[in-house]
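Trainee: I would like to learn how to read the features of a model such as this one, beginning with the overall fold and going on to single residues.

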Amino acid sequence: MARSTKESDSQEVPKVSQKNGGGAPKRNLTAYFIWLGENRARLAETVKPNKVLKAAGAEWKKLEDKSEWEEKAKADKERYTKELKAFGGRID
């Protein structure tokens with residue numbers, strides 16, 4: 001008896017796309033990621049590309065006053081909550 005090929009045995013299963021959940025609002029950013037977005041270019045000029053995140057993490061830890069970015073993160077969280085509520089999603 002001949003072996004069946006792998007192609008004939010497999011059933012095609014559609015892949016579920018996790019991208020933006022069908023129009024769901026974009027998630028909120030943390031204070032660190034807002035800060036990183038503002039400072040990534042500056043850090044990329046001083047260190048190798050594969051060391052940017054490590055340098056960013058070290059600099060973020062040393063940063064004493066993070067209130068500017070924490071306020072921006074809080075505003076972004078409020079935006080996300082409002083948009084999610086309008087979308088009809090579950091708020092955790």
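Predicted model: local features only at pLDDT ≥ 70, side-chain atom pairs only at ≥ 80, totals over all residues.

Trainee: How many helices and strands does the chain have?

Mentor: Helices (H or I, at least four residues) and strands (E, at least two) are DSSP runs, numbered from the N terminus. Here the chain has four helices and zero strands, and the order of its elements from the N terminus is α-α-α-α.

Trainee: What share of the residues of the chain counts as buried?

Mentor: A residue is buried under 20% relative accessible area, exposed over 50%, and partly exposed in between, with a 1.4 Å probe and protein chains only. By that rule 21% of the 92 residues of the chain count as buried. The chain exposes about 8,300 Å², of which carbon and sulfur atoms supply 53%; these areas come from the Shrake-Rupley method.

Trainee: Which residues is W60 in contact with, beyond its neighbours within four places in sequence?

Mentor: A contact means heavy atoms within 4.5 Å. W60, which is found in helix α3 (residues 52-62), is in contact with A31, Y32, W35, K66 and W69 once those neighbours are left aside. W60 is buried, because its relative accessible area is 14%. Its C-alpha lies 7.3 Å from that of Y32, although W60 and Y32 are 28 residues apart in sequence. For the chain, among contacts with a separation of 6 or more, 64% are between residues 24 or more positions apart.

Trainee: Is G23 buried or exposed, and where is it found?

Mentor: G23 is found in the loop between α1 (6-9) and α2, and it is exposed, with a relative accessible area of 54%. From G23 to F87 the C-alpha distance is 8.3 Å, while the two are 64 residues apart in sequence. A55, by comparison, lies in helix α3 and is partly exposed at 22% relative accessible area; A55 and L43 are 12 residues apart in sequence and 7.4 Å apart from C-alpha to C-alpha.

Trainee: How many salt bridges does the structure hold?

Mentor: Side chains of opposite charge can pair when their charged atoms come close. A salt bridge is defined as a side-chain nitrogen of Lys or Arg within 4 Å of a carboxyl oxygen of Asp or Glu, and the structure holds five of them. One of these joins R42 and E59, whose closest N and O atoms are 2.6 Å apart. R42 lies in helix α2 (residues 31-46) and E59 in helix α3, so this pair ties together parts that are 17 residues apart in sequence. Both ends are partly exposed, R42 with a relative accessible area of 38% and E59 with 28%.

Trainee: Which residue forms a salt bridge with D76?

Mentor: D76 pairs with R79, the closest N and O atoms being 2.8 Å apart, and the two are three residues apart in helix α4, about one helical turn. D76 is buried at 16% relative accessible area, whereas R79 counts as partly exposed at 26%. The side chain of R79 also meets that of E83 in a salt bridge of 2.9 Å, N to O; R79 and E83 are four residues apart in helix α4, which again is about one helical turn. E83 is partly exposed, at 34% relative accessibility.

Trainee: Which residues gather in a patch of negative charge?

Mentor: Patches are made of residues with over 30% relative accessible area and no salt bridge, like charges being joined within 9 Å. Asp and Glu count as negative, with the place of the charge taken as CG of Asp or CD of Glu. On the surface here, E64, D65, E70 and E71 gather in such a patch. Among them, E70 lies in helix α4 (residues 67-87) and counts as partly exposed at 46% relative accessibility.

Methods
Residues numbered from 1 in each chain as written. Heavy atoms only, no water. Patch = residues over 30% accessible without salt bridge, like charges linked within 9 Å, V, L, I, M, F, W, Y side chains within 5 Å. Areas by Shrake-Rupley, 256 points an atom, 1.4 Å probe, with all protein chains shown as cover.
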